[in-house]
Structures are given as C-alpha cells and as structure tokens.
Amino acid sequence: MASNDTCSYLIRGKRRCVRETTEGSATCSFHSTEEMARQKALRDERREQIIESGLARRKVDILALVEKMKKVEPDLTPVVGGVCAMKEAGKLFDEMCERQKTMWQKAKRSWHQPQIESLAKHVTLLGILSPHTVLLELGAGKGLLGAIIGKLNMCEVVVLDKREGGTGGCGDDEGNCGVRRIHADLSDTQLHHVTGGKPAVVIAKHFCGDATDLAIKSIENPDASIKAAVVAPCCHPKISFAKYTGGEYLAAHGFDCNDFEAMQVLMEISRERTQHKHQASYAKKLCNLDKVPHAAFYALGRLSRRIIEEGRMHYLRKSWRSVRLVEYVPHAVSPDNLFLLAENTEPKPLPTSTMWTQYSSTGVILHLTSRVLSDLPMRTSEYLLEKRDKGSLPIDMVWIADMRLDRAVADACSTEVVVLHTSSPVELLCALRGDSLLERVIDKIFPFTHVSESLEAAVHKEVAADKLNRVYAYPKALEGEVVSLLGDAAPLHTTKFEVVVSVFEWSLEAGSPPVYLSSSVDVSVWNPRDWPSLGSTAPVPRAQARMQELIERNKIAICSTFTLVTSEGTDHAYLATYLSASGAERVNIAHARVAATGVTFTPSVLPARYILVLLDSTKEDILQAIAALPRDPCTVVAPLKICPPAKRNNPAAVKSAHAKIASELHNVAQSLEVLHLLCDKDNERTITCDIK
C-alpha cells in the first residue's frame, strides 16, 4: 500500500470504512469501483438464476416441511463426536492475541478459543503435517488458526484471503513468522499452485454463507498433493440456493429452493431465546408457525443444519475417499459446531465423546450474579481462560451453557452458566476461593464428580450414611425431591453438616431428558453458606477492583508512577493508598472540571507513566478530559459508560460507540483498546491508550 489514508466509502451510507486506500484511489480494493461492480453482477446473476429456475416464491407449510425432514433424518450420516481441548494451542492463542491488540477473536475468546483448540487438535491428529508439508487456510482473515496449527506442527503455513491483511495479522507476503499471506479470490485460485505440489492440508474455519460452497468447489477433484480438508461452515441463513453445492441431494429427497429457505428460517428461530422475536418476518416464508411449540425449534434448527451439511457431503463424496461430519465443540459454545472432514488417505480414528466425556466428566459449574442477557458469563469465561493458559488455574476447558430457569415451562426464559472442566474439582475450588475478582461475580458454585441419567442414581452415589449431610441443588425446587429420595438413608442437617451433597439438573433442551451432575464434598473444602463471599470480607470498591484486574491482566505495571484525575468533590484517597501499598512509586491526585469552555485541572496534572481518568460524568466529558491532558508520553486508563443501559446488548449501538471513541481520540492517542473487564458493568467499558 502506498497511502496511509483511509477508504472514503461509507458502509450502509453511515460508517466510514477503516481500510487503507490503494495507490491512486480514494477507496480500498474491497470498495473499488471494479469490485463493487463485480459484486453487483454476482447478485444480479443470482437473481436471474432463481427466476429462470421457475420456482416462484411461496409460503411453506411448516408441518409438511417437518414431516419431510423427519423422513430424511434416519438416513443421515451419523455425526462423529470429536470434542477435545489442546492446552498448547490455548497458550499460543494467548501469546498471539497479546502481541496483536486487533485480534477480534480475543474479544470473543469464550467462543473462539474452544473452537480453535479443538480444530488444532483434530488437524494434528490427522498425522499429515510435518516440516515438509503445507497447511493452507482459506478465508484466513488475520491467519490466527493457521499460525497456531503451523507452530504446533512445525509446518509451512499459507493463508489466503480476498481481503488485504491490514495491520495485526499473522505473517506477510514474504512468509515472515512462518506464515505466507496471499491476497487473492478463491474463485480465481488453483490450490495446487499455492501449495507448490507439497503434501497439504486445507482448512477453513467458519467460512460464512456461500464461501463454504466455494471452498468445497475449490477442493473438488483435488490434486494428489492435497491429502485432507477441514471445512467448518457457518452463517447457514446467508447461503444462497443458487450457490449451494448440495442441491442435487435435496432435489432427490423432494426439497426445492422454498424448502431450503424455510430450513434457513428454522435455524434462525432455533437461535432465539424468546418466542418468535421476529414473528412477522418468519411468517412471510412459513405458515402454521403457531402450531409448532417454540421449544421444538431448537431440534428442528439442528436437523435443518444436518440436512444442509448432508447435501455438501454428498457432493464431496464424488471425489474424496472418505467424508465425515465431526462435532468439534459443544452446541452450547456455538450452534455452528460441525466441520466437514474430507480425506484421500486411510481415515484416522477421531476422539469420541458425549456431552459429559468431551473434556473430563468432572468439574465445577459457576452460576453468576448477572441478569438474563448479560454478557458477564462471556467475560468471566475469558478471564478464566486467560488464567488457565497462564497456568494459574487447573482447568481443562471453559465454556458457557444456556440453561432454562424453569424446568416445568417449555418457553421459560433462560440464564447462562459457566462450565469448568477439570480433573481435580477440589483443587479448583481452593484456587477459586483465593480470587477476589471472581468473588464479585460468582453467585453459586456446583462441583460435580459424577454424571447420572436419573436423580435417584445421582443422590445415592453421593450420600454419606455415617455423616451429617446438607443438600445443595439447582434449581432450588430440586432440593425437596432430593430430600424425599434420601428418606432415612442418611442424616441431614442445615447448619451442622459435615458433607455437602450437590446436585445440578442439566437440561439444555425442552423435551429432552435431563442429566444430573453430582458430587459429595467435605465442608472443610466447600461450604455453600460461604458463597458468594467465599468467606472473605465485603467486596472492595469497583474502582479498586478495576485497578487490581488491570494489574493482574498485565494492562498496568504497578511499579510505576500514577496520576489520578477525579471529579471535584469525590474522594479517591483509598485508591491512592491501594496503589501505594501495591508498589506504585508515586501517586498524585488532580481534580478535573469539564465545561463548555474547556477542561481545567486543579492542581495541574503531573507527568506520570499512567494517568487514571476517574470522572463520574458522561462519556463525552471523559473523552474531552482525555483530549485536554498534557502531551507527555503516558498511558491513559479511563472507565466510562459506553451506552445507555437499555442498549447494552445492542451490537450496533456498542459498535457505534466504539467508533465514536476512536474518532474523538484520533488526534491525541494511539494504540487504543476498548476493554470490557470482569469488574465493569454491562454498559461500561475501560479504555486504554497511549498519548502521542
């Protein structure tokens, strides 16, 4: 690139593109006149193909569609259960994300890290990659997955994407860092030219919409050098029937393009947590929606996804020796939890797993203090994964599960719990007890060492007949049933107990039988009466907890100088005392007054390594105060309310607020990070930036 100017194109007429322009142009290559014309031509071509097919748009009777789907279901290829974790991949993920602040996977770590670890493990288990082979990642973006697998297997890595790499990606055109980047459109690329004829494995993670079918066509009739391909599809509702490679399979089983689009709608409904949130738009394509209970859409969405992938497998089997469909993460981590595995060598055995043998059948479930639809479970998972990758917690894997609050009501609202898999629940309980940050967010803890299909079996596995027991169950109503089942088999006491019998009813899907996760733990190790305080004193003020978290997560080096910028009339002396006691070299305090005429600081802001802007004011006032700081080199840390509480879960509002922060600080700051810390509220963010 020859220019540092940003593209002039306005996305949806509102937000300016952030990519850099190409030489001699006011736009980036993605928004050039030629590329935009090509994209329009493709859309027009797709529209014409649909018209020429003679299949007029019509509403689909959901009852008839479900009957047709159920008829196909028994003949679908069984899914291979291959969920697994790989701590070495997790450590590399952590290292690479620390080096690159722009890795978007880091912001959604609880979703992406389990997927990356499992994919890395599966590709490694194929036994193909070595220093003399090539790993080719399609639609690679920044190339994070390819770089991790390449380091694990010491092989050459080539990442291909039609978008330019920009900043923060892994590798470059010259192959530095062991990753060679190619800027090209897959539809115009011959893969054997890219691999140079070396033995190769092709991978593509979450290749969205039609891109999956483009990848499948690119590996059709593969060159002898391509030994295997791993393609993880996603964004099924965005697939166009004209581009879908499994049309032949669907037609053979009586599905047309209207049925295909109806199955896409079923997948959309299955992901919603409230009943028919977009009822009007769904009713345009499906009739008799009201005759299907909302709880049934969860299973129908998964079946739709399976049928669509079966069509793709049918297409691949024409040119590959073996094609399998693998479940590589729990459905609770991502609905798009399957990948297509095509091999031209002898198929290798894969890890086999069920819901509770995928990582380890023992662990701890965390119930948090968050409200429904809060993102606190995601932030907690990210925090725990960081500590696990640094060796601070004995955890195999962390993921989030969506649990119904009322087991008796099919359409009840739900809450999210965080599942920690570990081979030593007792050791993990002791480690959690010492973490004051987790104390703020943990509501209840349920260790488990057994998984049972019935409540009676779970209870009688755990009860200690010679000791006083206390029953601790989720949901709360389950405790009465447990006590009733125990009868006179074991003595019970609510205060003088010696053993805690914990039972957690696990039911992700309405209508499906639950399983019961249970344990029996000595009261000296775990006493539910101590939770959520974990036996400690009252929580420290949020500002102090935020500083503690920034220090623990290596965002701040405590052995430095600090200046606190606070609002007039507020007392942050306790924070200065905490920083000094923690090892700060010097801590100063200045008060800021923000007015229409400007910002005044009393006394003046002294130079320091870190300036903490702690104003009890609006986002605009805080940004104005940051812009008015002296231009001495330093790092600014500032918590702020990014949007109104009502819009805390609105992605568009949050994204717009991020863009506004970047725009306001563009001339005064660099290396801007917008963090959502464990100690932040849902509508709060903590920003860090370096003053220019």
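Trainee: What is the strand order in the open sheet of eight strands?

Mentor: The order is S4-S11-S12-S9-S8-S5-S6-S7, and the pairing is mixed. Strands here are DSSP runs of E with at least two residues, helices are runs of H or I with at least four, and both are numbered from the N terminus. Two strands count as paired if DSSP finds at least two bridges between them.

Trainee: Which strands stand at the edges?

Mentor: Strand S4 (80–81) and strand S7 (179–183), each with a single partner strand, so one side of each has no neighbour in the sheet.

Trainee: Before I go on, what kind of model is this?

Mentor: This is a predicted model, where local features need pLDDT of at least 70 and side-chain atom pairs count only at pLDDT 80 or more, while totals for chains, interfaces and linings use all residues. Residues are numbered from 1 along each chain as its sequence is written, and side-chain values use heavy atoms, with hydrogens and water left out.

Trainee: Good to know. Back in the sheet, how many bridges join S11 to S12?

Mentor: Six, linking S11 (residues 322–327) and S12 (residues 338–343) in an antiparallel arrangement. If you want a pair to click on, Ser322 sits opposite Glu343 in S12.

Trainee: Is His206 buried or exposed?

Mentor: Buried, because its relative accessibility is 18%. Buried means under 20% relative accessible area, exposed means over 50%, and partly exposed is in between, using a 1.4 Å probe and protein chains only.

Trainee: Which other residue has a positive phi although it is not a glycine?

Mentor: Asn554 is one, at about 60°. Asn554 is in the loop between helix H18 (542–552) and strand S21 (561–567), and at 55% relative accessibility it counts as exposed.

Trainee: Where is there a cis peptide bond?

Mentor: One runs from Tyr474 to Pro475, with omega near 0°. Pro475 lies in the loop between strand S18 (469–474) and helix H17 (478–486). Another joins Thr602 and Pro603, with omega about -15°, and Pro603 is in the loop between strands S23 (598–602) and S24 (610–614).

Trainee: Changing topic: why is S20 called largely enclosed?

Mentor: Six of the eight residues of S20 (residues 515–522) are buried, so the rest of the structure largely encloses that strand. S20 pairs antiparallel with S19 (residues 499–506) over eight bridges, where Glu505 faces Tyr516. S20 also runs antiparallel to S17 (residues 450–452), with three bridges; there, Val451 has Leu517 as its bridge partner.

Trainee: Which residues touch the most other members of the largest nonpolar core?

Mentor: Leu366, Leu384, Leu420, Leu432 and Trp506, out of 78 residues in that core. A nonpolar core is a set of buried Ala, Val, Leu, Ile, Met, Phe, Trp, Tyr and Cys residues joined through side-chain atoms within 4.5 Å. Apart from it lies another core of 29 residues, including Ile611, Ala625, Ile642 and Ile687.

Trainee: What does Leu384 touch?

Mentor: Leaving out residues up to four places away in sequence, Leu384 touches Leu366, Leu393, Ile395, Val398, Val418, Leu420, Leu432 and Leu438. A contact means heavy atoms within 4.5 Å.

Trainee: Now His421. Where does it sit, and which side chain does it meet in a polar contact?

Mentor: His421 is in strand S15 (residues 414–421) and counts as buried, at 0% relative accessibility. Its side chain makes a polar contact of 2.9 Å with that of Trp399. Such a contact is a pair of N or O atoms within 3.5 Å; within protein, one must be able to donate a hydrogen and the other to accept it, and residues adjacent in sequence count only if both atoms are side-chain atoms.

Trainee: Last stop, helix H5. What span should its 17 residues have?

Mentor: H5 (residues 109–125) should span 24 Å, and its end C-alpha atoms are 24 Å apart, which agrees. The expected span is 1.5 Å times one less than the number of residues. In H5, 13 of the 17 residues are buried, so the helix is largely enclosed by the rest of the structure. Gly127 follows H5, with a positive phi near 75°.
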